[in-house]
Amino acid sequence: MNDTTKQPLPVSEEELLLQKQYAAQVRALLGAEGKPHFVYIETFGCQQNEADSERLLGMACEMGYEVTDVSANADLLLVNTCAVREHAELKALSITGQFKHLKAKNPQLFIGICGCMVSQEHRKADIKNKYPYIDFLFGTSLVYRFPQILYETMSGHCRKLYADEAVQRIAEDLPVRRASKTQAWVSIMYGCNNFCTYCVVPYVRGRERSRSAEKIEEEVRALVQGGCREVTLLGQNVNSYHGADCPDFPTLLHRICTIEGDFTVRFMTSHPKDASAALIDCMASEKKIARQFHLPLQSGSSKTLRRMNRRYTKEQYLALVNALREKIPDLTLTTDIIVGFPGESEEDFEQTLDVLQRVRFDSIFSFLYSPRRGTPAADYPDQIDPEEKKKRFRRLTDLQNEISLEKNREMIGKVLPVFVQGQSKTNAEMFSGRTEGNKLVHFKAAPQLIGKTVPMKITDATFFALFAEPFES
């Protein structure tokens with residue numbers, strides 16, 4: 001039996017009950033102090049990290065904490081880290097450094113670091129030696145053991161640096177404190193088996209393991225019944241989903257779409273090598289699935305893709321895009337691109353620009369290549385000069401901004417359903433939302449529209465957003 005079909009070892013009910021007992025013990029310790037206690041969490045990285053943070057907050061609330069948005073008010077500080085790029089690691093460490101003065105003011109403050117970054121031994125050593133005020137540390141495999149970790153830290157009066165479990169498992173029915181009542185992340189699988197040569201995910205999140213379809217359906221059904229209107233299914237590669245009670249991802253999507261209620265299903269991220277005809281047919285036929293597809297390209301050069309171990313060619317990617325657009329003409333298509341991968345020649349980079357011009361993505365997420373310790377690409381001898389990376393990055397973004405602006409301007413005058421997400425953080429008079437294709441829309445509206453889908457007439461556009469006004473027929 002290979003890794004993609006092997007069923008994951010679950011965290012047992014006995015182990016989960018033990019964590020509830022630890023949670024009760026923490027709650028007793030806090031209650032003995034006779035005052036409220038607050039938890040603050042800083043999250044870096046992908047949506048999977050955001051979903052993990054929601055569970056950490058859920059467990060913290062079960063232990064007696066209240067959530068605060070102000071770090072200076074916290075009695076418990078958590079930093080949930082990312083390891084995909086060095087910039088994300090350095091930013092997390094910088095934020096952690098800024099928390100040192102809070103510890104000096106409040107010696108009773110507990111500070112913990114968790115997530116992907118600290119599943120790397122060299123980062124764990126850095127924190128042990130350079131951040132003595134960090135009270136505890138744990139990686140992605142130990143999220144479910146957070147109550148035990150916190151209790152042992154609080155009662156032991158010493159630092160706790162926990163090693164990852166040898167085999168990462170799936171823990172169901174953890175408490176969760178969601179950031180939104182109308183939108184939700186739902187993890188359907190964890191880990192990755194692809195081993196792209198630039199990526200640390202298989203090393204920090206382990207091998208692929210899928211949740212049961214029954215548990216996923218239970219979670220989605222409860223969310224919809226509670227008023228959720230957008231559910232995003234998460235996985236490092238959702239196309240690899242293979243549950244014990246469900247053969248593949250398209251079958252799971254069909255099952256979720258049978259759940260009663262008015263809601264939209266999104267998913268990310270998809271690997272092109274596993275985006276099947278069955279998935280495309282499913283998206284085309286199921287009305288609850290958003291007409292949006294995030295399909296990471298990474299490079300337009302087949303030679304570079306081969307060195308990345310992506311297992312598809314430029315031609316295969318373009319054929320997949322054509323198949324998607326043939327079946328779903330109104331599809332919004334986005335992608336990820338890495339600039340300056342080792343050995344990328346000018347011709348290779350031009351191949352990436354060629355894909356942008358031919359596909360005309362609605363938007364892209366582009367990154368300078370960042371060497372990750374322990375990955376094969378970090379040891380490639382033909383690293384690209386940093387200044388050359390930056391020049392190519394500017395050329396890439398300039399081209400894509402032109403394309404995005406042209407595509408967004410095509411929307412002016414159209415009336416589109418827009419899901420109202422909330423008030424703008426920078427302008428109290430403005431609200432923001434998303435089209436079915438996940439395009440950002442700004443508009444003036446009333447607070448009671450939050451969480452609802454309303455028709456909006458597009459009045460203006462930039463390369464990154466649409467502007468609209470409520471439409472009354």
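**Notebook: sheet, salt bridges, cysteines, cores**

I began with strand β10 (residues 230–234), which runs parallel to β11 and is joined to β11 by five bridges. My strands and helices are DSSP runs numbered from the N terminus, with helices being H or I of at least four residues and strands E of at least two. I call two strands paired if DSSP finds at least two bridges between them.

Housekeeping before going on: this is a predicted model, so local features need pLDDT of at least 70 and side-chain atom pairs count only at pLDDT 80 or more, while totals for chains, interfaces and linings use all residues. Residues are numbered from 1 along each chain as its sequence is written, and side-chain values use heavy atoms, with hydrogens and water left out.

**Sheet**

Which residue of β11 is the bridge partner of Thr-232? I found Arg-266 there. The whole sheet is open, with three strands in the order β7-β10-β11 and parallel pairing. Its edge strands are β7 (183–187) and β11 (264–268), each pairing on one side only. I get an average twist of 25 degrees from one strand to the next. For angles I use lines fitted to C-alpha atoms (for helices, over the stretch in contact), with values from 0 to 180 degrees between N-to-C directions.

Next I looked at what packs on the sheet. Helix α8 (residues 213–225) touches β7 and β10, and its direction makes about 175 degrees with that of β7. Helix α9 (residues 249–257) lies across β10 and β11, at about 160 degrees to β11. Contact here means heavy atoms within 4.5 Å.

**Salt bridges**

I count a salt bridge when a side-chain nitrogen of Lys or Arg is within 4 Å of a carboxyl oxygen of Asp or Glu. By that rule there are 33 salt bridges.

Buried or exposed? I checked both against my cut-offs: buried is under 20% relative accessible area, exposed over 50%, partly exposed in between (1.4 Å probe, protein chains only). Asp-52 counts as buried because its relative accessibility is 9%, and Arg-205 counts as buried at 3%.

Then came Glu-89 with Arg-372, where the closest N and O atoms are 2.9 Å apart. Glu-89 sits in helix α3 (residues 86–98) and Arg-372 in the loop between β14 (363–368) and α14 (386–409), so the pair ties together parts 283 residues apart in sequence. Both Glu-89 and Arg-372 are buried.

Asp-281 and Lys-327 form another salt bridge, with the closest N and O atoms 2.5 Å apart. It links helix α10 (residues 277–285) to helix α12 (residues 314–327), so parts 46 residues apart in sequence are tied together. Asp-281 is partly exposed at 36% relative accessibility, and Lys-327 is partly exposed at 44%.

I also noted a network of salt bridges linking Glu-54, Arg-55, Glu-172, Arg-178, Arg-211 and Glu-219.

**Cysteines**

How many disulfides does the structure hold? I found zero, taking a disulfide as a pair of cysteine sulfur atoms within 2.5 Å. Cys-158 is partly exposed, with a relative accessible area of 38%. Cys-196 is in no disulfide either, and the nearest cysteine sulfur, that of Cys-199, is 6.1 Å away. Cys-196 is buried at 9%.

**Cores and a buried Asp**

I define a nonpolar core as a set of buried Ala, Val, Leu, Ile, Met, Phe, Trp, Tyr and Cys residues joined through side-chain atoms within 4.5 Å. The largest one has 66 residues, of which Leu-233, Phe-249, Phe-267 and Phe-293 touch the most other members. Leaving aside neighbours within four places in sequence, Phe-249 contacts residues including Ile-188, Leu-233, Phe-267 and Leu-279. A second, separate core of 29 residues includes Ile-41, Met-63, Ala-171 and Leu-174.

Last stop was Asp-348, in helix α13 (residues 346–359). Asp-348 is buried, with a relative accessible area of 6%. Beyond its neighbours within four places in sequence, Asp-348 is in contact with Ser-301, Lys-303, Thr-304 and Gly-343.
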